[in-house]
Each structure stands twice: as C-alpha cells, then as structure tokens.
Amino acid sequence: MIRKIPPETATFHFHNENPKGRRTGDCVIRAIGKASGDGWDKTFDGLVEVGRRIKSELAWKDCYEKYLAEQGWVKGKQPRKPDGTKYTVAEWCKAHRQGNMVISVSNHLTCIIDGKCYDIWNCTGKTVLNYWTRA
C-alpha cells in the first residue's frame, strides 16, 4: 500500500524521523527526536532506558514525560487564547515562529520547529493539549 505524502502548508511540513521511513506508531520517538535534534536512534535508546527504569512502555505518558524532564524540557499547561478558547496546532504554530516544541494532541505527539509542524500526517487542525520547551 502506497501512502500519499500530505501537502505542505504554511504550518505543516511532512517529515519522517524514522530512519527506515516507516510510517508507524512511533510518534513519541519521531517528535522528540526531531524537536531535540537527537534523532530517532538516540531518542529511542533514551526512552527505553527510562521505560526500563520506571517499568513503563516508552510511548506511555509517564515514560516520555520523565524522559523529557530529564533532558531539560519544561512542560507547559494547555494554552488558551485571551478569550479562553483553545489553540489548534496551526494557530499555535502561527503564534510561535521561533524555537522547538514537543506538542501533545489527543493520543499523539508532534513537534513544532520555528512555527512549522513536522510530522508524517497533518495534525494542525487538532487541539494543543500540553507542550514542552527546552529550559
């Protein structure tokens, strides 16, 4: 089965951090690896080490949140606009044109680098839940 690459937009760029180009359920590794600049392999190894230590799977929230914290990332609570409404990933991208972030949307992690979401599918219409930035 050949999957089409989603088109690039002002806030989305197709990027697959997986070294074998697999489009699979490794969003935690892809997002953190891309945002940190550490790449897929180093991020995978670090998450496995944390998961082994805390007896958790690497894609589970307790594992990736601990890994991010240990790597110097700071968790931000769900952002709200001045009128109290929530941001979509696209709106968050437009509001943050500089820096790297890991973003949580429903059961998925993605990343934003300099105002653009890098992922294997366009999740920019989803609501931002939490986000992490480097301290």
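**The largest cavity and its lining**

Guide: Lining the largest cavity are H15, E17, C27, R30, A31, K34, L109, T110, C111, Y118 and D119. Here a cavity is a set of points, on a 1 Å grid over the protein atoms alone, where a 1.4 Å probe fits but cannot get out, and lining residues have an atom within 4 Å of a point. The model is a predicted one, in which local features need pLDDT of at least 70 and side-chain atom pairs count only at pLDDT 80 or more, whereas totals for chains, interfaces and linings use all residues. Residues are numbered from 1 along each chain as its sequence is written, and side-chain values use heavy atoms, with hydrogens and water left out.

The structure holds 1 cavity of 30 Å³ or more, and the space in the largest cavity comes to about 50 Å³, a volume being the space filled by probe spheres set on the points, which are joined across faces, edges and corners. By class, its lining comprises 5 nonpolar, 2 polar and 4 charged residues; Ala, Val, Leu, Ile, Met, Phe, Trp, Tyr, Cys and Pro count as nonpolar, Asp, Glu, Lys and Arg as charged, and the others, Gly among them, as polar.

At least two lining residues come from each of α1, β4 and β5, and α1 gives the most, with 4 residues. Helices (H or I, at least four residues) and strands (E, at least two) are DSSP runs, numbered from the N terminus. Helix α1 (residues 27–36) packs on the sheet, touching β2, β3, β4, β5 and β6, where contact means heavy atoms within 4.5 Å.

Terms used:
Axes fitted to C-alpha atoms, helices over the stretch in contact; angles between N-to-C directions. 1 Å grid on protein atoms, 1.4 Å probe; cavity = no way out; pocket = protein on both sides within 12 Å on 5 of 7 lines; lining within 4 Å.
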